Amino acid sequence: MSEPLTRKDFQDLADMRYEDAQALYRSGRHAAAYYMAGYAVECALKACIAARTKEFDFPPPPDRTKTIYSHGLSELLKFLQLEDDLRTAGITQNLWKFVEQWKVDSRYDVSIGMLRAKQMLDAVGATPDGVLAWLKSRW
């Protein structure tokens with residue numbers, strides 16, 4: 001069994017997966033780029049969760065643990081209780097509306113084209129108001 005992932009692991013994964021998304025987009029692999037950009041957001045959300053845990057805390061109740069291991073971006077955001085912060089985040093809130101449509105099953109969606117992939121990469125990676133930058137300020 002492998003070691004549990006740390007906050008730093010999730011931070012690194014978020015950055016690496018966004019870079020992967022950009023490379024996939026540049027090579028014309030638009031559906032894969034869309035999926036990987038969403039996966040970068042999932043990793044960033046999990047880095048935020050890891051930032052809120054303490055080494056010797058008793059594990060959370062099973063219903064909360066299920067959410068932590070979820071791939072649902074909105075569920076993870078809700079678990080972190082960041083909805084109010086997002087509502088006041090201006091541009092980031094509008095970008096989140098696009099990003100939150102991502103589903104783990106989008107890895108099977110071959111119909112995602114260049115425009116939708118570009119919108120996802122822009123929403124995730126825009127600076128200073130992109131979703132990834134916003135999450136990084138909270139991890």
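In which kind of crossing does α6 pass α7? The crossing is left-handed. A crossing is called left-handed if the near helix is turned anticlockwise from the far one by less than a right angle, and right-handed if clockwise.

This is a predicted model, in which local features need pLDDT of at least 70 and side-chain atom pairs count only at pLDDT 80 or more, while totals for chains, interfaces and linings use all residues. Residues are numbered from 1 along each chain as its sequence is written, and side-chain values use heavy atoms, with hydrogens and water left out.

**View 1. Helix α6 against helix α7.**
Helix α6 covers residues 91–99 and helix α7 covers residues 114–125. Helices (H or I, at least four residues) and strands (E, at least two) are DSSP runs, numbered from the N terminus. The two axes come within 9 Å and cross at roughly 140 degrees. That angle makes α6 oblique to α7. Axes are lines fitted to C-alpha atoms, for helices over the stretch in contact, and angles run from 0 to 180 degrees between N-to-C directions. Angles under 35 degrees count as roughly parallel, over 145 as roughly antiparallel, 65 to 115 as roughly perpendicular and the rest as oblique. From α6, Leu95, Phe98 and Val99 meet Arg116, Gln119, Met120, Ala123 and Val124 of α7. Contact means heavy atoms within 4.5 Å. Six of the residues in this contact are nonpolar, one is polar and one is charged. Here Ala, Val, Leu, Ile, Met, Phe, Trp, Tyr, Cys and Pro count as nonpolar, Asp, Glu, Lys and Arg as charged, and the others, Gly among them, as polar.

**View 2. Ser106 in its loop.**
Ser106 sits in the loop between α6 and α7. Ser106 counts as buried because its relative accessibility is 9%. The scale is buried under 20% relative accessible area, exposed over 50%, partly exposed in between (1.4 Å probe, protein chains only). A polar atom of the Ser106 side chain lies 2.7 Å from the backbone oxygen of Lys103. Neighbours within four places in sequence aside, Ser106 is in contact with Tyr34, Tyr35 and Ile112.

**View 3. Helix α1 against helix α2.**
Helix α1 (residues 7–26) packs on helix α2 (residues 30–51) at an angle of about 165 degrees, and their axes are 8 Å apart. That makes α1 roughly antiparallel to α2. The crossing of α1 past α2 is left-handed. Their contact has 18 nonpolar, two polar and four charged residues.

Ala47 belongs to helix α2. With 0% relative accessibility, Ala47 counts as buried. Ala47 and Trp139 are 92 residues apart along the chain, yet their C-alpha atoms are separated by 5.9 Å. Not counting residues up to four places away in sequence, Ala47 touches Arg7, Phe10, Gln11 and Trp139. Gln11 lies in helix α1 and, at 13% relative accessibility, counts as buried.

**View 4. Two backbone details.**
Most residues other than glycine have a negative phi, and most peptide bonds are trans. Gln81 is not a glycine, but has a positive phi of about 55 degrees. Gln81 is placed in the loop between α4 (73–79) and α5 (83–87). At 65% relative accessibility, Gln81 counts as exposed. The peptide bond from Thr127 to Pro128 is cis, with omega near 5 degrees. Pro128 is in the loop between α7 and α8 (131–136).

How values were computed:
A polar contact is a pair of N or O atoms within 3.5 Å; within protein, one must be able to donate a hydrogen and the other to accept it, and residues adjacent in sequence count only if both atoms are side-chain atoms.
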